[in-house]
Every structure is written in structure tokens, then in C-alpha cells.
Amino acid sequence: MSNSAVRPDYQVAIIGAGPGGIAAGVKLTQAGLADFVILERADDFGGSWHENHYPGIAVDIPAVAYQFSFARNPYWSRVFPFGAEVKRYHVAVARRFGLYPRARFNTDIVREEWDAAGHFWKLHTADGGLVTARFVISAVGAFVRPKEDAGIKGYKSFRGKVQRPTSWDHDYDLTGKTVAVIGTGASAVQIVPAIAAKVGALQVFQRTPVWCLPKPDVAVAPFVQRVLAVPGLVALAHGAVLVAVDLVLRGAIAAPIAVAKPVLRTFDRAAIAAYGRYLRWVVEDPDTARRLTPNYGPIAKRPTMSRYTVTFNRDNVELITEPIEKITARGIKTRDGVQHNVDVLVLATGYEVFSDPETYREGTVVGRDGFDLGTFYNEQGLQAYQSVSVPKLPNRWTLVGPYSWTGSGWHAFVEMTADHAVRAIKAAADRNATFVEIRKKPADAYHAKVYRKAAALRFYLADLNGHVPTYYRNSQGDTTYIRPSGFFEARRGNQRFPLNDYHFDTLGPATSNGSATADVATEVSA
């Protein structure tokens with residue numbers, strides 16, 4: 001049998017069952033593309049909301065803006081619901097749209113390999129298995145994997161209990177224990193106030209202060225839920241949020257760099273001074289308030305909301321800013337020679353993020369003519385057409401790619417990138433095409449435009465606030481986390497891109513020898 005007769009297991013494989021994977025599955029179903037599978041390394045839908053279940057976990061934007069457009073929920077119990085309720089929402093949506101029968105859980109894809117002769121992807125699993133699919137939608141998400149290495153000498157030597165946000169052991173009783181938290185990111189600022197009243201002593205080891213304001217969270221009364229259930233009202237509220245975000249982002253990006261620089265400098269100085277006054281007001285100890293005050297702008301790192309700052313008013317909570325020398329068998333030794341003995345070590349030290357080139361391992365995604373995505377991103381920088389497709393990776397789209405986040409809620413963002421992938425796949429189906437690849441010329445033109453428009457972001461994140469570690473700026477100095485456009489421009493780009501920006505081809509004698517057609521081969525390698 002010739003390679004051209006080999007039929008892949010599925011027409012479409014979706015990698016990931018978080019919000020992006022759910023959005024892609026629903027969009028494929030609505031487009032009449034029923035032959036797909038959802039491959040998930042965990043054992044249920046939900047993504048981060050399934051894998052993370054640490055104390056205090058909750059959304060940090062109002063729930064009205066954190067939901068799918070095709071599954072509006074007016075019945076959230078709180079303005080900022082806790083993680084368990086958010087997880088239940090995603091599970092309910094997956095059930096409602098019939099995605100469970102299409103899911104293969106405990107299936108960890110470790111390598112994606114293009115089969116040029118057959119026009120499909122070979123997806124290798126961690127347990128040695130193989131799944132093949134004509135088209136692939138990578139819906140892995142922003143936080144690709146937790147950092148196994150805490151980046152601190154001796155982190156494996158601690159003999160007490162180690163807790164991580166992604167593998168929290170709820171059976172372990174923290175009552176009366178001495179607990180150390182390393183990290184001050186989005187997870188830590190929720191964990192610290194959630195456990196402070198239970199533990200005997202809580203030591204927070206801070207490298208970088210975090211911007212954290214009180215979360216205006218309240219329970220949603222049944223009457224309000226009934227009002228929100230009026231058809232169209234939740235969509236209207238969500239739309240208003242998107243318009244506001246769009247206006248702010250477009251205004252910031254549209255300003256000439258000569259104007260943006262002094263404005264951003266003044267903005268940061270004023271914001272830092274105001275936040276310092278706020279901390280001196282809410283934190284009782286002046287020295288603690290001073291050490292909690294950031295020396296960088298409020299949007300240089302992910303801003304947070306919780307009762308984190310006022311938790312330091314408790315007698316059993318201590319802020320430690322002396323740098324850590326190493327982790328020992330009994331606790332943490334700081335550079336001043338002090339040994340801090342603890343019972344529990346909470347490593348809230350972050351994730352490998354989609355915007356970092358190091359996240360993409362060489363050999364894990366290999367496309368046409370041996371093109372290696374990891375090599376390309378590490379040598380040439382992160383780039384993708386409309387954030388989703390890369391030349392020489394035919395039949396493959398990424399929902400969370402370079403320059404993709406628009407400042408909106410996560411669901412609105414992954415829906416638009418899913419729309420892009422599904423539109424391209426549907427166009428291929430309509431043409432009986434087995435090969436779809438973004439052309440190099442429009443991909444390069446798009447990246448040049450995005451890079452140019454990101455000048456103010458690079459100034460803010462790489463120059464003005466280059467001294468602070470942040471996943472908004474990667475190791476190459478690029479601001480590939482944020483898309484430098486308004487939300488609605490991004491949505492139009494993903495829903496209405498010219499189909500002729502892609503090359504379509506059909507498997508046959510001319511392509512069964514393992515090469516692409518002369519047209520695309522010449523263009524993409526040019």
C-alpha cells in the first residue's frame with residue numbers, strides 16, 4: 001500500500017483539554033467537523049483549573065468576563081469565584097457540548113512529527129504510543145508546565161513536607177506548622193492569606209515585591225443572578241468589559257514612541273508613589289510596608305488582587321527579603337547566615353510560559369523538511385501568523401502563541417484563535433485539501449507589523465522596567481506575551497484573515513514522494 005493511501009486516526013487532534021481545547025472542540029462541532037479527538041495529559045477537562053487546587057485559588061477577573069461566549073453563565077456564586085466552581089463550569093460546558101466521548105485522558109503528547117508522505121501528524125505519547133491526525137490544534141495554554149527546578153541550590157534536600165500549587169496535598173494538616181512560602185506571584189498571593197490563620201508561623205520569602213490590591217469580591221445574591229439571567233445581559237456586560245480593554249490597549253499602542261516614553265515614565269513614578277502610600281496605610285509595620293513596595297511599574301508584572309498585603313499584620317506572618325543562599329534539610333538558609341527551620345516548604349516558583357523560547361524543546365515539534373520549532377524559536381525569536389500558524393508547520397495551529405494575549409478574559413482570546421484554526425480546517429475540507437500551510441510572505445509581513453507596533457511595550461517592559469523579572473518579557477528581550485493591538489482588531493484578524501494567505505494542496509501522485517508542491521516549497525524556503 002502506498003503512503004498516499006494511509007489514513008490517519010483522526011481528521012483533527014486537539015492537544016489540551018483546558019479552555020482552549022474546549023473552545024476548539026465546540027467550534028469544530030459547530031462547523032460540522034465531527035472527526036476529532038481531544039488529547040489531555042491529565043484525567044479531566046479544565047486545564048489549569050483541574051491541575052491547580054491550592055488553598056485560596058480563584059479567578060482574578062470578574063466571572064462575567066471569564067466564560068465562553070457560547071456558554072454564558074449568570075449563576076456564578078461570587079464576583080470572583082473560587083477554583084472549584086470554575087472547574088465545575090468547564091466540566092459542565094464539556095458535557096453540554098458532548099466533548100467527553102471525544103477525549104483521551106492521561107495521554108501526554110511529547111513529540112509532534114510531520115509525515116510529509118501522508119500529509120498528517122504523528123503524535124508520540126509519553127508511554128510510547130502513537131496517535132495520527134490530519135490536522136493538529138495545540139491548545140496547551142499559557143502556563144505550559146510548572147518549573148520542576150525551583151532555581152535554588154539544594155531545593156531537593158529538604159526533608160519536611162513540600163507543597164506545590166499544581167500538586168497540593170490537602171490531606172496534610174497545616175495546623176500549627178511552621179510554613180515557608182517561596183515566591184510572590186499569582187499563586188503565592190492567594191495561598192498566603194488562605195493558610196495564615198491555620199498555621200503556627202508563616203514566613204514569606206520575597207525576591208520581588210508584587211503589586212496587589214484588595215479583591216472586591218462578594219457573594220452574588222439570588223436576585224442579581226436572576227437579573228443576569230435576562231437574555232443578552234451577561235453578553236452585554238462582557239462586551240462592555242471588552243470595549244474598555246480594547247480602548248486602553250489601542251490607546252497605549254497607538255501613541256508615538258516619543259510621546260509614550262515620557263508618559264510611561266510619569267505613569268510609573270506616580271503609580272509607585274501612590275501604591276507606597278496605600279501600603280503605609282494598610283500595613284501596620286512601616287518597614288514591612290516599605291519592603292512590600294515595588295520599584296517597577298504596575299503592569300510590568302502580572303498585577304494581583306487578594307488580602308495578601310494585610311496578611312502581614314498578623315503576628316504569625318513574617319516577610320523575609322534577605323536573599324536565599326540555599327535550601328537545607330531543615331529549611332532555608334539566607335545569605336546573612338540565618339537558618340530558618342520550617343515544617344513545610346511551599347514552592348510557588350512559577351511555570352514555563354508560552355512566551356519564552358526555552359519552553360520549546362528542540363525535537364518536540366518537527367515539521368516539513370526537518371523544520372524544528374524549538375530551534376527556530378530559540379534562534380529566530382518567537383513569531384507566528386496571527387499568533388497561530390508558522391511556515392513549515394503545515395496543518396498545525398497554536399491557540400496560545402507568540403504575541404497573542406489581548407488583555408481580555410482568557411476565553412474570549414482562545415475562542416478567536418480557535419476560530420482561526422477551524423476556519424482554515426473547514427476551508428481545507430471544502431477544497432478536499434490534505435495540506436494547509438501559511439505562506440512565508442504574509443507570515444513575515446505580519447510579524448514585521450506586530451514587532452513594529454510593540455515598540456512601546458518593549459520600551460516599557462525591556463527598558464523602563466528591564467530590572468524586574470517578568471514573563472511579559474522573555475529572555476530574548478521580546479514582549480511576545482502581549483499582542484500589540486486592540487481586542488477587536490485581533491478578533492477580526494483571526495476570523496477574517498485572507499484564505500489565500502494559506503497554501504492548500506491535495507495528497508496525490510505529485511506530493512506522495514514526501515515533498516511539498518514546488519509552489520509552497522519555493523515560497524517558504526525563499
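This is a predicted model: local features need pLDDT of at least 70, side-chain atom pairs count only at pLDDT 80 or more; totals for chains, interfaces and linings use all residues.
A residue counts as buried when its relative accessible area is under 20%, as exposed when that area is over 50%, and as partly exposed in between. The points below start with the aromatic rings, then turn to arginines and a nonpolar surface patch.

**Aromatic rings**

- The count of aromatic pairs comes to 32.
- One of these pairs joins Phe-143 and Tyr-351, whose ring centres are 5.4 Å apart; with the planes at 50°, the pair is tilted.
- Phe-143 belongs to strand β7 (residues 143-146) and Tyr-351 to strand β18 (residues 351-353), so this pair ties together parts that lie 208 residues apart in sequence.
- Phe-143 itself is partly exposed, because its relative accessible area is 24%.
- Tyr-471 and Tyr-481 make another tilted pair, with centres 5.1 Å apart and planes at 35°.
- Both tyrosines, Tyr-471 and Tyr-481, sit in the loop between α12 (455-464) and α13 (487-495), so here the pair ties together parts that are ten residues apart in sequence.

**Arginines over rings**

- Arg-95 places its charged end over the ring of Tyr-100, at 4.2 Å from the ring centre.
- Arg-102 lies over the face of Phe-36, and here the distance to the ring centre is 4.6 Å.

- Helix α8 (residues 286-291) contains Arg-291.
- Is Arg-291 buried or exposed? Its relative accessibility is 19%, so Arg-291 counts as buried, given that the cut-off for buried is under 20%.
- A polar atom of the Arg-291 side chain lies 2.9 Å from the backbone oxygen of Leu-319.

**A nonpolar patch on the surface**

- Which residues form the nonpolar patch on the surface? They are Phe-223, Val-224 and Val-227, and together they have about 250 Å² of accessible area.
- Val-227 is part of helix α5 (residues 222-228).
- With a relative accessibility of 34%, Val-227 counts as partly exposed, because that value falls between the cut-offs of 20% and 50%.

Conventions
Residues are numbered from 1 along each chain as its sequence is written. Side-chain values use heavy atoms; hydrogens and water are left out. Patches are made of residues with over 30% relative accessible area and no salt bridge: like charges are joined within 9 Å, nonpolar side chains (Val, Leu, Ile, Met, Phe, Trp, Tyr) within 5 Å. Accessible areas come from the Shrake-Rupley method with a 1.4 Å probe; for residues, only the protein chains shown count as cover. A salt bridge is a side-chain nitrogen of Lys or Arg within 4 Å of a carboxyl oxygen of Asp or Glu. Helices (H or I, at least four residues) and strands (E, at least two) are DSSP runs, numbered from the N terminus. Buried means under 20% relative accessible area, exposed over 50%, partly exposed in between (1.4 Å probe, protein chains only). Rings of Phe, Tyr and Trp (its six-membered ring) pair if their centres lie within 6.5 Å; planes under 30 degrees apart count as stacked, over 60 as edge-to-face and the rest as tilted. A charge sits over a ring if NZ of Lys or CZ of Arg is within 6 Å of the ring centre and within 35 degrees of the ring normal. A polar contact is a pair of N or O atoms within 3.5 Å; within protein, one must be able to donate a hydrogen and the other to accept it, and residues adjacent in sequence count only if both atoms are side-chain atoms.
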